Amino acid sequence: MDWADELAARVSGPQVVNDSKTPSGTVHVGSLRGPVILDVVARALRAAGIPTTLLYGIDDMDPMDAQSLLTPDAVDRYMGAPLASIPDQAGDGHASYARHHAQTFVETFAGLGIRPDRYYWMSEIYPTGNLDPFIRLALDRAHVVRDIYRRVANVRHPDAWHPISVICERCGKVGTTIVTHWDGDRVYYECRPDLVKWAAGCGSAGWVSPFGGRAKLPWNLEWAAQWSLFGVTIEPCGKDLATAGGSRDRSDAIAREVFEREPPINVPYEFLNVGGKKMSTSKGKGAAAHAIADTIPPEQLRFLFVRSRPNQVVEFEPEGTDAIPRLFDEFDRYADATAGRPFRGELAAGFDATLRYSLLDPDADLAAEAGAYRAAFSHLALLVQIPGVDVVARIEAEKGSPLTARERAALDERIISVGRWLEAYAPDRARLAVRRDGLPEEAAALDDQQRAFLARLAQAVTTPGAPVTGEAWQGAIFTAAQADELPSGRAFTAIYLAFLGRSNGPRAGWLLSSLEPAFVIGRLHEAVANVPGGLA
RNA sequence: GGGCCCGUAGCUCAAUGGCAGAGCAAGUGACUCUUAAUCACUUUGUUGGAGGUUCAAGUCCUCCCGGGCUCACCA
């Protein structure tokens with residue numbers, strides 16, 4: 001049983017699983033852990049026969065608070081304005097800044113097999129008036145809210161402060177307004193130039209009704225109001241919010257004391273660390289973060305997150321390591337185990353659930369998916385580097401039967417991953433380079449028997465004309481080795497040393513067939529004749 | 001300064017309080033057609049440290065060290 005199943009076993013009755021996000025910037029890999037956990041929780045509940053609704057909110061009434069996300073000419077006008085009312089800075093046709101970025105992550109989620117039953121937009125919820133009862137409660141109990149902030153978070157608001165942000169009637173900003181009076185019908189607000197450091201209000205003031213979309217609840221109240229409005233029973237949150245005295249504590253207290261409802265079950269989760277550090281778009285790891293998502297296919301990315309308990313930091317360092325190949329290998333091992341094939345080592349109980357929750361399609365046939373033929377990542381990494389090899393045909397030959405459409409699609413996906421990995425992350429030892437410039441010094445390690453074998457091979461391929469196919473070359477190698485009674489392993493080592501300067505390599509026949517015969521023969525002779533300098 | 005999470009083999013991680021284990025990496029060997037594959041075997045530990053509870057502690061308690069995150073004017 002895996003962690004999500006354990007959670008599902010603890011609850012009864014219909015569940016509403018929720019999360020929400022501010023559409024302020026692009027999504028990086030680390031920030032995908034939350035949505036994956038959210039989705040897996042919902043899948044586990046459903047697998048346990050519990051009626052479950054998965055909701056995802058877009059907090060597009062949140063104020064813009066980062067200048068770097070705006071074009072310079074938009075800063076004065078839009079800092080502090082709701083994201084939903086800022087024009088699309090990318091200028092690619094979206095109705096607003098919020099729509100632009102929300103679309104990015106809706107698409108990203110869909111690509112990861114995360115399809116909430118419903119996305120809700122706060123900019124659409126407020127005008128319906130559905131939040132008005134909560135706005136009224138918050139204003140009536142403003143002293144309770146102030147007390148919670150002081151007690152739980154040690155934040156002291158002025159006595160006149162009320163938990164609502166009016167959208168300024170004149171300048172349209174929401175981050176710059178403060179409400180100081182509430183008469184049970186309207187609120188008195190001021191749009192201050194200096195309320196917050198990051199945005200300047202226009203200075204207007206007045207009495208206005210806070211209902212029907214004219215005002216927004218501060219984040220902690222809005223969160224608790226979402227729980228009440230939608231009947232949320234489970235909501236994971238990142239540990240940045242889950243800390244004591246942090247956002248979640250405040251919202252929990254507000255839910256209980258202001259809206260009089262138990263907060264949902266929390267599933268606090270840790271982050272994804274890259275090289276021991278949290279990923280962040282603002283800390284220079286952003287580009288790398290994006291590239292990682294482009295390199296790892298969705299199912300392996302889900303697997304990365306599903307495999308670990310939420311409270312465990314996921315350490316992942318793809319740069320110059322075999323972390324990515326190993327992720328694939330582990331995935332394949334889980335698949336082997338689930339399919340009932342032999343697999344190395346042992347796996348904790350629940351491995352089949354882990355695999356199931358890693359699949360894109362929640363309704364996929366687990367046995368069929370697990371049983372599908374998958375070429376090992378490192379094997380592919382090798383094949384794609386040999387010129388002239390038909391990788392698909394080669395893999396099909398290794399499988400022994402034609403690939404299914406599903407297997408072919410997975411192979412194509414994996415080949416793309418391999419290419420990106422070799423390009424961006426792979427350690428040098430994974431890259432294949434024929435030493436064109438001359439006999440590698442490592443070839444000094446060749447012994448007499450190996451030199452004799454190379455000589456025989458050179459002779460064999462010259463006499464009737466060089467082999468053309470990889471298979472023919474492979475045959476020639478074995479024949480030559482046999483004639484000298486040289487164990488094939490040492491024969492191959494000899495070839496690798498002569499051409500690659502290393503003791504192992506890809507299938508030698510195919511490697512040699514990708515090179516010009518004249519070069520191959522020349523190099524063979526060199527290796528036989530020359531004992532590179534420096535060694536007595 | 002407060003809080004939370006974490007610390008187990010070189011790396012990534014397991015172990016209802018009950019003989020510290022896997023994968024990968026490394027090493028040795030096998031292989032006449034998958035040779036960076038496959039197979040067999042092997043090495044690696046003061047479980048961050050010190051106390052305590054217990055017949056028994058990686059696991060529970062206290063303190064310390066280290067790493068990470070977070071809160072104290074935002075969402």
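Leaving aside neighbours within four places in sequence, Asp249 is in contact with Val152, Thr243 and Ala244, where contact means heavy atoms within 4.5 Å. You're looking at a predicted model, in which local features need pLDDT of at least 70 and side-chain atom pairs count only at pLDDT 80 or more, while totals for chains, interfaces and linings use all residues. Residues are numbered from 1 along each chain as its sequence is written, chains are lettered from A and ligands numbered from 1 in the order in which they are written, and side-chain values use heavy atoms, with hydrogens and water left out.

**Asp249 and its helix**

- Asp249 sits in helix α10; helices (H or I, at least four residues) and strands (E, at least two) are DSSP runs, numbered from the N terminus.
- With a relative accessible area of 30%, Asp249 is partly exposed; buried means under 20%, exposed over 50%, and partly exposed in between (1.4 Å probe, protein chains only).
- Asp249 and Ala153 are 96 residues apart in sequence, yet their C-alpha atoms are 8.1 Å apart in space.
- The helix itself is mostly covered, since 8 of the 11 residues of α10 are buried.
- The buried ones in α10 are Ser247, Arg248, Arg250, Ser251, Asp252, Ala253, Ile254 and Ala255.
- The cover over those buried residues of α10 includes α7, α8, β9 (234-238), α9 and β10.

**RNA strand B**

- There are 47 residues around RNA strand B, and Thr243, Ala244, Arg502, Gly505 and Arg507 come nearest; a residue is near a molecule or strand if one of its heavy atoms lies within 4 Å of it.
- Thr243 and Ala244 are also among the contacts of Asp249.
- The residues of the surface near RNA strand B split into 19 charged, 14 polar and 14 nonpolar. Here Ala, Val, Leu, Ile, Met, Phe, Trp, Tyr, Cys and Pro count as nonpolar, Asp, Glu, Lys and Arg as charged, and the others, Gly among them, as polar.
- At least two residues of that surface come from each of α9 (239-242), α10 (247-257), β12 (277-278), α13 (323-339), α20 (470-483) and α21 (488-499).
- Ser247 has a side-chain N or O atom 3.3 Å from a base nitrogen of RNA strand B.
- In Glu330, a side-chain N or O atom is 3.1 Å from a sugar or linking oxygen of RNA strand B.
- Glu346 uses its backbone instead, with an N or O atom 3.2 Å from a sugar or linking oxygen of RNA strand B.

**Helix α13 and its partner**

- Helix α12 (residues 298-306) packs against α13 at an angle of about 85 degrees, with the axes 10 Å apart. Axes are lines fitted to C-alpha atoms, for helices over the stretch in contact, and angles run from 0 to 180 degrees between N-to-C directions.
- That makes α12 and α13 roughly perpendicular to each other; angles of 65 to 115 degrees count as roughly perpendicular, under 35 as roughly parallel, over 145 as roughly antiparallel, and the rest as oblique.
- On the α12 side the contact is made by Glu299, Gln300, Phe303 and Leu304, and on the α13 side by Leu327, Phe328, Glu330, Phe331 and Tyr334.
- The residues of this contact divide into 6 nonpolar, 1 polar and 2 charged.
- Asp332 also lies in α13 and counts as buried at 11% relative accessibility.
- Beyond its neighbours within four places in sequence, Asp332 touches Arg374, Ala375, Ala376 and Arg414.

- Glu222 belongs to helix α8 (residues 219-230) and is buried, at 1% relative accessibility.
- Not counting residues up to four places away in sequence, Glu222 touches Asp59, Asp62, Met122, Tyr126, Lys216 and Leu217.

**Loops worth a look**

- Asn154 is in the loop between α7 (142-153) and β4 (165-166), is exposed at 69% relative accessible area, and has a positive phi near 60 degrees despite not being a glycine.
- Glu260 is in the loop between α10 and β10 (265-269), is exposed at 58% relative accessibility, and has a positive phi of about 55 degrees, although it is not a glycine.
- Pro487 is in the loop between α20 and α21 and is partly exposed, at 46% relative accessible area.
- From Pro487 to Gln450 it's 37 residues in sequence and 9.9 Å in space, C-alpha to C-alpha.

Notes
Polar contact = N/O pair within 3.5 Å; in protein donor to acceptor, adjacent residues only side chain to side chain.
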